[in-house]
Amino acid sequence: MERAVAPSETPVNEAELDHLDYFRDLRDRHLTINGLRIAWRPKSPQTLDLAENDFRQLYYFMALGRAFEERIGELFRQGLIPGTAFFGRGNEALSVGSSYALRPEDTLVPMHRNLPSHLVRGQALKPLMAQYLGREGGINRGREIHYADRSLNIFQLISHIGTMIPVAAGAAFAAKYRGDGSAVLAMSGDGASSTGDFHEGFNFAAVHKLPLVLILENNFWAYKTPIRLQYACKNLALRAIGYGTPGYLIDGTDVLGVYEITREALSRARLGEGPILIESVNPRACGHSIYDAYQDYVPKEEISAWDAIDPVRLFEARLKKEKITEEQISHLHARIDRELAEAVAFAKKSPFPQGPDILEDVYAT
Amino acid sequence: MATAQILMPRMGTSVHEGTVTQWLKQEGDELQKGEPLLAAESAKVEFEVESPYEGRLAKILVAAEKTVPVGEALALIETEEVISPEEEVAPVAPPAEKAPQKEAGERRGFLSPRVKRLAAESGVGLEELSKLSGTGRGGRVTEEDLQKYLKGRPTGRAEPSPEEADRIPLSRMRRRIAERMIESARTTPQFTTLDVADLSTIVAWRRENSENFFARTGVRLTYTPFIARATLMALSKPEFRVLNSRWGEEAIFHFKAVHLGIAVALAEGLIVPVVRDAQGLSFVDLAKAIQTLSDRAHQGNLRPEEAAGGTFTLTNVGATGSLFGTPLINPPEAAILGAGAIQKEVVALPDGSTAVRDRMGLSLTVDHRLVDGWVAGKFNRTVCEQLEGFDLAELCTSLT
Amino acid sequence: MAQLTYRQAITTALWEEMKRDPEVYLIGEDIGLGGGAFGVTKGFLDAFGAMRVVDAPLAESGFVGAAVGAAHKGLRAVVEMQFADFITETFKMLVDYAAGAHFRGAGPVPITIRLPAGALKSAGPYHSHNPEAWFYHTPGLKVVAPATPYDAKGLLKAAIRDNNPVLFLEYKRLYNLPLSQIPEVLRPEVPEGDWTVPIGKGRIIREGKHLTIITHGTTLYDALQAAETLSDEGIEVEVVDLRSILPFDRELILSSVKKTGRVLIVHEDHKTGGVGAEWAALIAEEAFESLDAPIHRVGALDTPIPYSPPLEEYFLPNTQKIVEALRKLSAY
């Protein structure tokens, strides 16, 4: 069954929210609700401002992100990853679609599952691969497992995910302070939505009408905690009401829909309307980290549904039908394989950082 | 039953204190009269104190290694014997008597890191440190105490550091000698005058007669009695009495008797037994006395009083072949005469001819406060003349 | 040239830095419309506008986090904690985020957190804290604690210009201290113009040869009085004001200890785990052989901060407690 595209701004009654089952509705792709200013609005691709090349780019970044993470898994099993690794399998559409809407001067504040977002912003593969291997050639030269290239206007997260929300609000404050027309896109999750910092940061942005778009990726799990133990409201997008700001509920497996909503939210934020909250629903088709035996706690029926809502496969199928040939797809995958091989070779050759160097970096000069 | 005190004896006229080196008996031990009770030493000699009574050692009052003034009670002895009233004391308290409580927080021995470092940097050893009295808590030596001590201390930092040297613990004798020599150099302005005596006659006579002399007297004839005799002859002249005297703050004391100290070199150092009233002795008696004292010194059997109370000292600066030396006075004496090595020399005789003679240097050090230069020189010449014109007739008499 | 009170010195420093650098701004609770709980920023809103004098919601983690994020974009926030005690609200923002940001490669965080600290007449357990020890364990932070108007101005300007997160302890007890009550040696003229007091450098306030007091903040005043008392007894106490406590002036501590050999460490904060413990450890490690007596400390008692006046007096360090400790050390 092909996806049914719901008309935008279709009013729904409050009662429907009570029966919302993300997992079932997402799987069946019939989720169409709009209560107050909360919208579920996957748009028809025809309404997008994307060119042919953009479609290939979107697919390339999603496929590259997926392949990169799979390569990290192999390297981990070979003992080449010193710590752990976090994957975003299942959120490639969200990562790529949202960051594809950013302008270069905008700031991205990602989570640990948004590797493809870094790629969209221009992160080179070689330092990224060396980063995972803890090498001197990595993005932060082995100082931290999390990473971001500041020159690409990306903030580097800390493990306290909620803490990044006030920090993102501060970046938006700076944009407003300077009046430079830039905006901030921050990625967070259903778990972080429970922190005080979610409230303090988003409230600060709302009070001061800062250009911040905050996406809460609701993937049903915060490590092993299901969302029913995380919050008691109908959905997270509804929380925007409490801050007097717009909120969106989107299908995070649809890259085009994610792109469209994020683009719209960013432009509204730039206009000085204040922050916007987006809840993206998409699966975490993997464990919390590479160590996590998710099979022990994720229900079997949920795991078995992952294939059907795999954003990479969904987009590929759609592209094959309308925009891109089988040959072009193979060509892209060959390029990805080649680029990853080069990145791995570079990373393996990169030396480990030297102990005494860390003493120089405690204070900024 | 009576209880008697054992007192620290006076072991020489100028001795004011003594040190208990070792207790030979323990509290409760039975004692025979005359049995050695403890070993002690003074600035001059080591000696043993014997029990004057038969009885029991009731109490040791002065621990080993402690130095106390002469006359201080060292121990209490219980005896059935009748003892003199002045020796008797109250009976010993029962052994249950409580030892004096240590001061709370007694820290006399504690040295702070700072004091230890400063001491090491200043070349002050732990032993030296332990002698300082401290003003800190519990009597510990503070940095300030050490700084004060260092200000008055003669040696400076220019010395090589102790780490660079092998450490030879000071023997008691070495320490005593050091103290005496420091006293000598510090208290007495001294000078040394040199002369040479012709001993040819004596050398020849001794070569001929020493065997016979030994057979007759039991004395191994050395040159020392000759030099002693010549010195005594010179000292007997009125103008040289000042060399047998002592400086006092109010007056100079010329001694009537000559108590002649004879320096004896032992492996550990020098000791000076004294021939008392040497001026009246015949040559043979003088030689006998010198040999006896020398032997006893070598055997370590010198009684304390035998190494004390000299008025003039003879020493030997020639044992290693030296012709002269600059001996230091043995205070509070006024002079010391050092005999050099005897050697054959070609000399010009008064008639202008030359001859090979046996000659000996004499180095006389005097206390310049009492003895003027010309007196010293003249005395030294006189001793030479006495040796050169030695009355061998008396000796010959004694051998017949 | 002027004699400034402690509060005036802080206000002046803020004003001058705001004028000097358009990227310096103020953020905190009640600082704009309210002029600050202690009136330090009165008049700033009118002069600089709401974008540079930001009245934040009552949520320290939120606005400190915002200051951190803006710092990544090159702005320099001077954050006012209404009371130093409330910094616990934003502990992770400072300790987990800001302190290590430069090290992690996340970029420098040039922010200054002003912390009205210390006891002030029965202010109770949530308005009296000295927070330095909570942060002392965190590489990447700087902590300064001026005790005089001169240092308050010079160190605040230095903190604002520093490219690292700086906790600026300012003492409520000193805000209102009239110049006449500040000892001569603690109130040098506070010059105008472009100068700073370098972070990490202490100062010998009073020379002495017998004992060293190492202190910072309000107890400097008590220490000076105690030194005066001991001087009458013939004991000359050297008083060292560290001014900066992270990083702190190791060389100054060590050189004074090498000189006197006896050390008393004094701070208003609790004794156990107070920052003075670190100085004592430094001395033990680096100057053991200079010590002629054990290191002693005087600090607040190890109890929660009490409210009622006699309890508070019993709890806090004061001149008499310092005098007694000095005498004890001196007699060692």
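Leaving aside neighbours within four places in sequence, which residues is V62(B) in contact with? They are V20(B), V68(B), E72(B) and L74(B), where contact means that the C-beta atoms, placed from the backbone, lie within 7 Å.

Before going on, the conventions. This is a predicted model, in which local features need pLDDT of at least 70 and side-chain atom pairs count only at pLDDT 80 or more, while totals for chains, interfaces and linings use all residues. Residues are numbered from 1 along each chain as its sequence is written, and chains are lettered from A and ligands numbered from 1 in the order in which they are written.

Back to V62(B). It sits in the loop between β6 (55-60) and β7 (67-69) of chain B; helices (H or I, at least four residues) and strands (E, at least two) are DSSP runs, numbered from the N terminus. V20(B) is 42 residues away along the chain, yet the two C-alpha atoms are separated by 7.4 Å. V62(B) counts as buried because 20 other C-beta atoms lie within 10 Å. The cut-offs are 20 or more for buried, 12 or fewer for exposed, and partly exposed in between, again with C-beta atoms placed from the backbone.

Now chain C. Its secondary structure comes to twelve helices and twelve strands, and buried residues make up 57% of its 332 residues. Of the contacts in chain C with a separation of 6 or more, 79% are between residues 24 or more positions apart.

One open sheet in chain C has five strands in the order β7-β9-β8-β11-β12, with mixed pairing; strands pair if DSSP finds at least two bridges between them. At the edges, pairing on one side only, are β7 (203-206) and β12 (296-300) of chain C. From one strand to the next, the twist averages 25 degrees. β7(C) and β9 (residues 237-241) of chain C run antiparallel and are joined by three bridges, and I204(C) stands opposite V240(C) in β9(C). Helix α12 (residues 319-330) of chain C packs on this sheet, touching β8 (211-215), β9, β11 (263-270) and β12 of chain C, and its direction makes about 170 degrees with that of β12(C). Axes here are lines fitted to C-alpha atoms, for helices over the stretch in contact, and angles run from 0 to 180 degrees between N-to-C directions.

Next, the interfaces. How many residues of chain C are in contact with chain A? There are 31, meeting 31 residues of chain A. α3 (60-72) and α4 (91-104) of chain C each supply at least two residues of that side, and α3(C) gives the most, with ten. With chain B, nine residues of chain C are in contact with nine.

The axes of α8 (residues 196-207) of chain A and α3(C) come within 8 Å and cross at roughly 65 degrees. Among the residues that meet there are E200(A) and F204(A) in α8(A), and F63(C) and A66(C) in α3(C).

Last, the cores, each a set of buried Ala, Val, Leu, Ile, Met, Phe, Trp, Tyr and Cys residues joined through C-beta atoms within 7 Å. The largest has 193 residues, of which A168(A), L212(A), V213(A) and A67(C) touch the most other members. Helix α7 (residues 164-178) of chain A gives the most to this core, with eleven residues. A second, separate core has 79 residues, including A40(B) and L302(B).

Definitions and conventions
Contact = placed C-beta atoms within 7 Å.
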